[in-house]
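Open the model in your viewer and keep the selection tool at hand. The stops below run from the whole chain to single residues.

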Amino acid sequence: MNVGVQRGAIAAVQVLGLAVWFSMSAVVPSLRNDWGLTAGGAVWLTASVQFGFVAGAVASTALNLADRVPPQRLLAVSAAAAAVCTVVLALFADRPAVAVPLRLMTGMFLAGVYPTGMKLMASWSGSAGRGRTMGVLIAALTLGSTLPHLIAGVGSLPWRGVLLAAAAAGLLGSVISLALIRIGPHAAPTAPARNPRYALTMFTERGPRLANLGYFGHMWELYALWTWIPSFLLAASAARGLPGSVGITVFLTMGIGGAVGCLLGGWGADRFGRSPAALAALLLSGLCCLVSPLFFHAPPLLLFAFCALWGAAVIADSGVFSTSLSEVADHRYIGTALTGQTAIGFALTVISIQLTPLLAEAIGWEYAFLLLAPGPLAGAFAMRAFGRATTSAPSPQGT
């Protein structure tokens with residue numbers, strides 16, 4: 001089957017299937033009125049998805065699902081199940097106590113969408129072009145994650161309508177997965193036996209350990225920024241002068257800007273190497289964290305440009321970490337390695353998502369994102385060492 005068609009189909013499923021991820025974040029302003037939603041309640045509507053994702057990823061790792069179940073089927077079932085949870089929430093939830101368990105389940109099913117998509121995309125790309133291929137996948141994830149902000153920003157849908165639209169996108173993604181997607185010629189052989197311990201034993205190998213540490217630093221920043229950038233913008237001096245609504249601004253800067261960053265990061269990973277590409281993105285996004293207070297009172301266009309640069313930098317390296325791990329881990333357990341990586345990374349996001357609004361409450365949104373700077377800066381140290389470690393490393397076991 002045509003390689004381009006397969007890559008395009010996998011990317012499309014990521015955009016559509018992940019639309020439910022930040023669907024609740026996009027409607028928080030409405031829920032403050034309808035439910036009397038507090039800041040703590042808003043945190044849990046997002047954090048519960050992260051917790052669910054971690055739980056789903058751990059279960060998938062324990063069962064080696066990503067290496068033992070046909071990935072296109074796992075992808076389709078997971079996208080459909082996450083969409084159904086969102087439909088139930090839209091139709092029946094009337095308070096956070098009902099919504100949070102449904103969001104937890106949504107996160108559990110999304111653990112079968114993102115890591116499985118990574119494995120499928122890697123199966124349609126050789127090592128020489130894998131950075132660009134993964135860049136396309138992460139660009140799709142970025143667009144899918146910010147799609148609810150676009151839905152909420154351009155129309156007059158009530159919040160339940162926004163959720164139903166995101167769920168419809170997820171169901172369409174499931175259909176595409178079943179109808180079009182197949183495993184590619186570069187797929188690793190089926191795991192010979194269950195080995196969930198590889199998600200932990202890979203840390204005994206220098207290459208996988210450093211690739212994971214770089215990813216963890218990246219994740220400390222990424223999802224906290226995506227979750228709270230609307231609050232930062234609403235509190236900024238230039239909030240009323242931004243192009244369109246805050247939702248439109250978030251989609252353009254974090255979504256479109258992030259997608260461009262992913263494509264550039266993937267190209268840079270293939271052109272200059274995995275470590276240099278990750279280093280450039282990590283250092284730039286870390287710098288954005290540090291200077292964010294300077295732009296809080298900036299004019300609207302300057303603030304918009306800064307957010308677009310940050311949106312590109314914060315996600316540009318995400319595909320690089322997936323690519324790096326897929327090349328240095330035991331090829332028999334790539335699915336397990338990638339799922340384990342994401343499980344730990346998303347567990348870290350729960351902490352930074354929870355702490356950011358607490359810091360904002362104490363010292364204001366102007367300085368809240370300073371909390372995120374240590375993540376990308378620590379990740380940069382790890383990826384610098386990764387570059388040195390892999391220049392003369394032997395081939396990973398199982399190749």
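This is a predicted model: local features need pLDDT of at least 70, side-chain atom pairs count only at pLDDT 80 or more; totals for chains, interfaces and linings use all residues.

Residues are numbered from 1 along each chain as its sequence is written, and side-chain values use heavy atoms, with hydrogens and water left out.

Switch to a cartoon: the chain has 19 helices and 0 strands (DSSP runs numbered from the N terminus; helices are H or I with at least four residues, strands E with at least two).

Next, colour by accessibility. Of the 399 residues, 60% count as buried (under 20% relative accessible area; exposed is over 50%, partly exposed in between, with a 1.4 Å probe and protein chains only). Among contacts between residues at least 6 apart in sequence, 86% join residues at least 24 apart, where contact means heavy atoms within 4.5 Å.

Now show the aromatic side chains. The structure holds 23 aromatic pairs (Phe, Tyr and Trp rings, the last by its six-membered ring, with centres within 6.5 Å; planes under 30 degrees apart are stacked, over 60 edge-to-face, the rest tilted). Select Y114 and F346, an edge-to-face pair at 6.5 Å centre to centre with 75° between the planes. Y114 lies in helix α8 (residues 114-123) and F346 in helix α17 (residues 334-363), so the pair ties together parts 232 residues apart in sequence. Both Y114 and F346 are buried.

Then select W228, F232, F295, F296, F306, W310, W365 and F369, which form one aromatic cluster.

Move to S177 in helix α10 (residues 159-180). S177 counts as buried because its relative accessibility is 0%. Which residues does S177 contact, leaving aside its neighbours within four places in sequence? They are V13, Q72, L75, A76 and R182.

Finish at T142 in helix α9 (residues 130-154). T142 also has 0% relative accessibility and so counts as buried. With neighbours within four places in sequence left aside, T142 is in contact with W226, M254, G255, G258, A259, C262 and I315.
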